[in-house]
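Me: I have a structure here and would like to go through it step by step. Could we look at it together?
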Amino acid sequence: MLRSGAMSWLPDDFVHPVLVPLPGGGHHLRPIREADTPLDYPAVMGSRERLWTIFGPAWGWPAATMTYEADQADLLRHEKEIAAHQSFNYALFDAAETALLGCVYIDPPERAGADGEISWWVVDELVGGKVEQALDALVPQWIAADWPFEQPRFLGREISWAGWLALPAHPDA
């Protein structure tokens with residue numbers, strides 16, 4: 001996903017949030033790290049079939065054959081991209097960080113008409129529950145308050161993934 005001018009999608013002086021509490025106090029978001037693989041892998045693979053229906057057509061993720069090592073490599077790539085401000089993956093954790101319960105992705109636009117593309121998921125057991133509802137409410141407010149986007153696009157929310165895939169490529173992509 002690297003491209004020329006990838007840095008220009010955020011101001012040079014932008015500082016990304018490092019801890020984002022969810023309302024209610026029991027959960028938070030923070031940038032994912034390679035060291036989170038022991039929690040990330042079971043979260044992803046435990047919800048893989050549903051996640052594939054969401055992200056599979058666009059991202060080819062998560063593959064049924066994804067290994068622990070492949071996930072670890074993915075998280076290392078995410079960690080490096082976050083450090084370079086190329087893209088962001090925030091993991092959803094319980095207060096003690098004993099479980100990874102979902103992720104929020106904040107990416108440079110691949111399709112025209114947006115300056116940031118945001119998507120997120122929770123593990124199967126949280127679907128329809130209070131934590132998912134809190135995350136669904138938080139993300140757009142957080143993006144508006146703490147991120148420098150004028151036209152954020154919420155994939156799978158305000159536009160379907162199929163609708164997004166049908167859009168023309170972003171001129172910088």
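Me: To start with a detail, which residue just after H3 takes a positive phi?
Reply: That residue is His85, whose phi is about 60°. Please keep in mind that this is a predicted model.
Me: And H3 itself, how far apart are its end C-alpha atoms?
Reply: They are 23 Å apart. Helix H3 covers residues 68-83, and at 1.5 Å a residue its 16 residues should span 22 Å, which agrees.
Me: Which residues of H3 are buried?
Reply: The buried residues in H3 are Asp71, Asp74, Leu75, His78, Glu81 and Ile82. They cover an arc of only 120° around the axis, which means that they lie on the same side of H3.
Me: What about the other side of H3, which residues are exposed there?
Reply: Glu69, Lys80 and Ala83 are exposed on that other side.
Me: Which residues lie on each side of E5?
Reply: In a regular strand, side chains alternate between the two faces of the sheet. In E5, Gly116, Ile118, Trp120 and Val122 are on one side, while Glu117, Ser119 and Trp121 are on the other. Both faces are covered, and all of these residues are buried.
Me: In which sense do E4 and E5 pair, parallel or antiparallel?
Reply: Strand E4 (residues 100-107) pairs with E5 in the antiparallel sense, over six bridges. Within this pairing, Val104 stands opposite Trp120 of E5.
Me: And how many bridges join E5 to E6?
Reply: Three bridges join E5 to strand E6 (residues 152-154), and these two strands run parallel. Pro152 in E6 is the bridge partner of Gly116.
Me: What unit do E5, H4 and E6 make?
Reply: Together with helix H4 (residues 130-146), strands E5 and E6 make a right-handed β-α-β unit.
Me: Now the whole chain, how many helices and strands does it have?
Reply: The chain has five helices and six strands. Along the sequence they follow the pattern β-β-α-α-α-β-β-β-α-β-α. The radius of gyration is 15 Å, close to the 16 Å from the globule rule for 173 residues, so the chain is as compact as a globular protein of that length.
Me: Finally, what share of the residues is buried?
Reply: Buried residues make up 46% of the 173 residues in the chain.

Definitions and conventions:
Residues numbered from 1 in each chain as written. Predicted model: local features only at pLDDT ≥ 70, side-chain atom pairs only at ≥ 80, totals over all residues. Heavy atoms only, no water. Helix = DSSP H or I, 4+ residues; strand = E, 2+ residues; numbered from the N terminus. Expected span 1.5 Å × (residues − 1). Buried < 20%, exposed > 50% of the residue type's maximum accessible area, 1.4 Å probe, protein only. Arc of directions from axis to C-beta. Pairing = 2+ DSSP bridges. Right-handed = clockwise from strand over helix to strand, strands pointing away. Rg over C-alpha atoms; globule rule 2.2 N^0.38 Å.
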